[in-house]
Amino acid sequence: LGLIDDMTKTMSMEFKNAGDEIYLLGNSREELGGTEYLKHRIGEITGDAPELNLDEEVNLQNAVLELIGEQFINSAHDVSEGGLAICLAEKSIKSNGLACSLQMGKVNAGRLFGESQSRIVVSVAVEKLANFKEICSKNNVQIEKIGIVQKEIFEIEGYIKTEWAKFADAFNGSIADIMK
């Protein structure tokens, strides 16, 4: 819990504008130990939990708070349970017709579903990229451009491409489907 002194300096997870660039902040270690991926893939929770580096976490939080305060990012969501793929799916589902196109080259399960700590996905307007990069650099936060915000299609190049409406309907109807 905490207090927010200025409600104009809050951030939500959903994408806001088609054409914004999507960046992953933090160090991806592709750690699969203890993840939802392993739980669903092999039916058990196993392996070492992801590493937590407190210096990286402090640097990341300082950078993101400054980025929000200066209004240099348009959305932010932590990468946690389910990893990067689930983070992006959650952002897209909440974005009312906006989704993402990711061009990350060759990826693997660790890259998509690893639950490395101290990572946040943000979207940034092109005209604010220089300020965004400067603040991340000043705070020693690793950044990687992973895609762009687009209308109607959720895509991870080479792995999945689907219409936003089908994607959102499947998510929003999942509890009702389980109850049938």
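A salt bridge is a side-chain nitrogen of Lys or Arg within 4 Å of a carboxyl oxygen of Asp or Glu. By that definition, Arg29, Glu51 and Glu56 are linked in a network of salt bridges. The model I am showing is predicted, so local features need pLDDT of at least 70 and side-chain atom pairs count only at pLDDT 80 or more, while totals for chains, interfaces and linings use all residues. Residues are numbered from 1 along each chain as its sequence is written, and side-chain values use heavy atoms, with hydrogens and water left out.

Let me stay with the salt bridges. Side chains of opposite charge can pair when their charged atoms come close. How many salt bridges does the structure hold? There are seven, and I will go through some of them.

Start with glutamate 51 and arginine 29, whose side chains meet at 3.6 Å, N to O. This pair links distant parts of the chain, 22 residues apart: arginine 29 is in the loop between β1 and α1. The strand and helix labels come from DSSP runs, numbered from the N terminus: helices are H or I with at least four residues, strands are E with at least two. Glutamate 51 is partly exposed, at a relative accessible area of 40%, and arginine 29 is also called partly exposed, at 21%. For these words, buried means under 20% relative accessible area, exposed over 50%, and partly exposed in between, using a 1.4 Å probe and protein chains only.

Next, glutamate 66 and lysine 138 form a salt bridge with their closest N and O atoms 2.8 Å apart. Glutamate 66 lies in helix α2 and lysine 138 in helix α5, so this pair ties together parts that are 72 residues apart in sequence. Glutamate 66 is partly exposed at 25% relative accessibility, whereas lysine 138 is exposed at 56%.

Then there is glutamate 144 with arginine 111, where the closest N and O atoms are 2.4 Å apart. Here strand β5 (residues 143-151) supplies the glutamate and helix α4 the arginine, 33 residues apart. Is arginine 111 buried or exposed? Arginine 111 is buried, with a relative accessible area of 9%, while glutamate 144 is partly exposed at 29%.

Now the rings. A pair of aromatic rings is described by the distance of the centres and the angle of the planes. Rings of Phe, Tyr and Trp (its six-membered ring) pair if their centres lie within 6.5 Å; planes under 30 degrees apart count as stacked, over 60 as edge-to-face and the rest as tilted. By this rule the count is two aromatic pairs.

In one of them, the ring centres of tyrosine 23 and phenylalanine 132 are 4.9 Å apart and the planes stand at 55°, so the pair is tilted. Tyrosine 23 is in strand β1 (residues 21-25) and phenylalanine 132 in helix α5 (residues 129-138), so parts 109 residues apart in sequence are tied together. Tyrosine 23 is buried at 4%, and phenylalanine 132 is buried at 0%.

Tyrosine 37 and phenylalanine 113 make a stacked pair, 5.3 Å centre to centre with 10° between the planes. Tyrosine 37 belongs to helix α1 (residues 36-42) and phenylalanine 113 to helix α4 (residues 109-113), 76 residues apart. Tyrosine 37 is partly exposed at 23%, and phenylalanine 113 is partly exposed at 25%.
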